[in-house]
Amino acid sequence: MQEIQSLMGGFAVAMSWFNLMLMFAGVSLGVLIGVLPGLGGANGVAILLPLTFSMAQQPGGATSAIILLSCIYWGALFGGAITSILFNIPGEPWSVATTFDGYPLAQKGRAGAALTSAFTSSFVGALVAVILITFISPIIARFALRFGPPEFFSVYLLTFSAFVGMSKGSPLKTIVAMMTGFALAAVGIDTVTGQLRLTFEIQQLLKGFDFLIAVIGLFGIGEILLTIEEGLEFRGTKAKLNLRVVLETWKELPRYWKTSVRSAAVGCMMGIVPGGATPASFMAYGLAKKMSRDGEEFGTGKVEGVVAPETAAHAAGTSALLPMLTLGVPGSPTAAVLLGGLLIWGLQPGPLLFLEKPDFVWGLIASMYLGNIVGLIVVLTCVPLFASILRIPFSIIAPVILVICAIGAYTVHNSIFDVWLMLVFGVLGYVFKKLDYPMAPLVLALVLGDRAEDAFRQSMLGSQGDLGIFFSNPLVGTITGASLLLLFWPLLSRLVAIARGRNGNAAG
Amino acid sequence: MDDRKAVASVRVAELVMAGIFLAFGALVMWDTRRLGASWGDDGPQAGYFPFYIGLFIVASSAMIIFKALNLGDKGRAAFVEWGQLRMVLLVMAPTVVYVALIANPWYGLGIYVASAIYIAFFMWYLGKYSWPRILPVSLGVAVFFFLMFEIWFKVPLPKGPVEALFGYT
């Protein structure tokens with residue numbers, strides 16, 4: 001078992017005191033970020049990314065930096081559950097399904113049980129996904145070593161088609177958002193010809209749009225504006241979490257092992273596909289409701305109804321890092337920001353990373369195990385502390401968050417223009433949310449735009465402009481075919497529905 | 001003005017947003033004419049990829065416009081109500097002033113002083129706090145960020161005359 005050996009090496013890297021300290025700091029910050037309105041995993045990591053620039057330049061620093069940032073991600077995943085259960089406010093889209101049973105449980109006075117089961121199942125979900133990453137990612141990476149530009153482009157195509165095919169909203173809006181991301185990514189100097197594109201002789205546009213600014217604006221400012229619109233007042237239930245409640249809940253949890261296994265499987269499968277965490281949590285909830293003996297009582301405050309979405313969301317959130325590490329294709333906005341971090345630190349995510357930087361990769365994977373254990377300890381012990389932060393009035397917390405966003409946007413390039421840009425993206429994010437335009441495809445396209453375009457151009461160069469290259473061998477043909485199927489899925493499913501409707505009418 | 005009154009309907013908002021995207025896509029396509037969007041001597045020209053991106057944006061937003069025109073009752077729902085828009089503007093306007101205060105060609109205050117003023121204004125105007133509560137919070141946050149960025153992380157942020165008094169420029 002070569003993987004076990006590599007993993008042990010990774011533990012040796014991750015187990016230093018400095019890295020353990022970073023894990024605690026990262027997870028605590030992450031939970032804080034997950035709890036606060038307007039700060040989520042994606043823009044929390046984006047804001048803190050510039051602070052790691054100097055850290056990453058020291059020897060072994062890149063590993064410490066990714067440990068810090070990924071632990072913020074785990075923390076934010078944990079934190080989302082706190083607001084869902086205590087305040088009925090999902091901190092992240094994938095915690096929406098947690099509110100269905102989590103909040104009723106809290107209202108019944110069983111907030112402690114709801115929180116404990118949410119955290120524990122998050123941990124279980126993440127653990128399953130990390131084990132999957134440990135054993136599957138080296139295989140995928142080895143396989144992907146044979147990929148050329150056409151294969152990579154088809155993988156990008158699959159990523160983006162998945163957004164169109166799997167989104168709940170309008171596929172047209174997904175396409176517009178995604179293509180806008182690509183267009184923004186193209187702004188600036190063209191890497192191949194050196195020509196200026198879409199700059200319109202505006203000097204500030206020469207360096208192009210940075211996705212970090214877009215993430216901070218869209219997810220941060222946009223979220224604040226949406227929250228303020230409701231004239232926000234938090235009305236939450238008190239959180240009491242002591243050892244007795246934790247142990248009692250733990251005694252109850254093994255009963256739902258079937259739900260856990262199912263949800264973890266759903267989560268892992270959906271997480272590898274981009275944008276998968278949110279549908280995964282809903283799917284797992286729906287499945288649990290259908291399969292459980294007391295499915296009828298779901299929504300009135302069943303522990304099982306918390307276990308299912310939380311396990312799936314965390315499994316999905318964690319396995320979103322699998323394609324990011326092995327193929328350089330992030331599965332979620334936060335994974336996209338982490339990928340951007342790797343690029344800034346001078347690391348090329350993708351199959352070669354496993355060969356060239358084994359210390360980094362296995363250090364990161366080992367830190368996922370440790371980080372989630374640390375996360376579980378932190379959230380179980382500090383819930384009252386984090387919940388009390390939500391009791392700080394919004395008129396204090398909102399300006400402080402906006403200041404943090406402004407500082408975060410400024411530090412990316414030390415440019416005040418970026419702060420203005422952040423505000424523009426903030427308004428855009430507000431309108432996007434109100435009109436149901438998805439934001440994740442825009443961010444992913446902005447991050448991957450240049451790489452996707454390069455892969456496309458190189459494939460075209462190789463084939464002298466013949467699109468047939470994307471079907472030239474069974475591998476690339478299968479991926480391209482799958483992407484096209486996903487891309488046209490909304491259209492196909494509608495046709496099927498129409499056809500069925502006709503049949504139904506004829507029979508009736 | 002009635003707070004519950006709609007400023008714009010969903011239909012209008014959909015049309016405006018899709019119109020903006022349509023114009024944006026057209027702009028992208030127009031720029032690729034300059035760059036060349038066809039096949040050059042040595043491969044695809046610089047505008048090759050963006051041309052299709054622009055085309056996709058134009059086509060999709062045109063279809064969104066078409067759908068928005070046929071929204072029916074759903075389109076008549078309020079996109080934003082007066083009360084909501086006022087809250088949003090109450091946050092956006094001071095934030096714009098805040099960013100302008102940080103750095104401008106005439107007299108930049110630096111990010112720390114501007115942040116203190118911004119937080120103080122927010123608490124005073126929206127939170128209706130008294131000054132003994134406002135001052136410790138706003139100054140405390142600014143000082144905390146100063147220590148964190150300038151001293152611990154050594155990430156320089158825009159500074160103004162007040163920091164210069166203490167010898168930080």
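This is a predicted model: local features need pLDDT of at least 70, side-chain atom pairs count only at pLDDT 80 or more; totals for chains, interfaces and linings use all residues.
## The nonpolar core

The largest nonpolar core holds 226 residues. Within this core, A:Val215 and A:Val443 touch the most other members. Helix H6 of chain A, residues 96-144, supplies the largest share, with 22 residues. Chain B takes part as well: domain 1 (6-81) and domain 2 (103-165) of chain B each give at least three residues to this core.

What does A:Val443 touch, leaving aside residues up to four places away in sequence? Its partners are A:Gly181, A:Phe211, A:Ala214, A:Val215, A:Leu218, A:Pro333 and A:Ala336.

## Helices H15 and H20 of chain A

Two of those partners, A:Pro333 and A:Ala336, belong to H15(A). A:Val443 itself sits in H20(A). H15(A) spans residues 333-344 and H20(A) spans residues 440-463. Their axes come within 9 Å and cross at roughly 20°. An angle under 35 degrees counts as roughly parallel, so H15(A) is roughly parallel to H20(A). The crossing is left-handed.

Which residues meet where these helices pack? From H15(A) come A:Pro333, A:Ala336, A:Leu339 and A:Gly340. From H20(A) come A:Ala440, A:Val443, A:Leu444 and A:Val447.

Chain B is divided into domain 1, residues 6-81, and domain 2, residues 103-165. Taken over C-alpha atoms, the centres of these domains are separated by 40 Å.

Contact between the chains involves 47 residues of chain B and 46 residues of chain A. On the chain B side, the elements that give two or more residues are helix H1 (10-35), strand S3 (43-44), helix H2 (48-69), helix H4 (82-102), helix H5 (111-125) and helix H6 (131-152). H2(B) gives the most, with 10 residues.

## Helices H1 and H2 of chain B

H1(B) and H2(B) both give residues to the side that touches chain A. They also pack on each other, with axes 8 Å apart and an angle of about 160°. Angles over 145 degrees count as roughly antiparallel, so H1(B) is roughly antiparallel to H2(B). This crossing is left-handed.

## Two positive phi values in chain A

Most residues other than glycine have a negative phi. A:Asn414 has a positive phi, near 50°. A:Asn414 lies in the loop between helix H18 (394-413) and helix H19 (416-434) of chain A. Is this residue buried or exposed? A:Asn414 counts as exposed, because it has 12 C-beta neighbours inside 10 Å.

A:Asp436 also has a positive phi, about 65°, and is not a glycine. A:Asp436 lies in the loop between H19 and H20 of chain A. With 14 other C-beta atoms within 10 Å, A:Asp436 is partly exposed.

A:Ser84 lies in helix H5 of chain A, residues 61-87. Why does A:Ser84 count as buried? It has 30 other C-beta atoms within 10 Å, and 20 or more is the mark of a buried residue.

A:Ser84 and A:Thr98 are 14 residues apart in sequence. In space, their C-alpha atoms are 6.3 Å apart.

Technical notes:
Residues are numbered from 1 along each chain as its sequence is written. Chains are lettered from A and ligands numbered from 1 in the order in which they are written. A nonpolar core is a set of buried Ala, Val, Leu, Ile, Met, Phe, Trp, Tyr and Cys residues joined through C-beta atoms within 7 Å. Helices (H or I, at least four residues) and strands (E, at least two) are DSSP runs, numbered from the N terminus. Domain bounds come from an automatic or database domain assignment. Two residues are in contact if their C-beta atoms, placed from the backbone, lie within 7 Å. Axes are lines fitted to C-alpha atoms, for helices over the stretch in contact, and angles run from 0 to 180 degrees between N-to-C directions. Angles under 35 degrees count as roughly parallel, over 145 as roughly antiparallel, 65 to 115 as roughly perpendicular and the rest as oblique. A crossing is left-handed if the near helix is turned anticlockwise from the far one by less than a right angle, and right-handed if clockwise.
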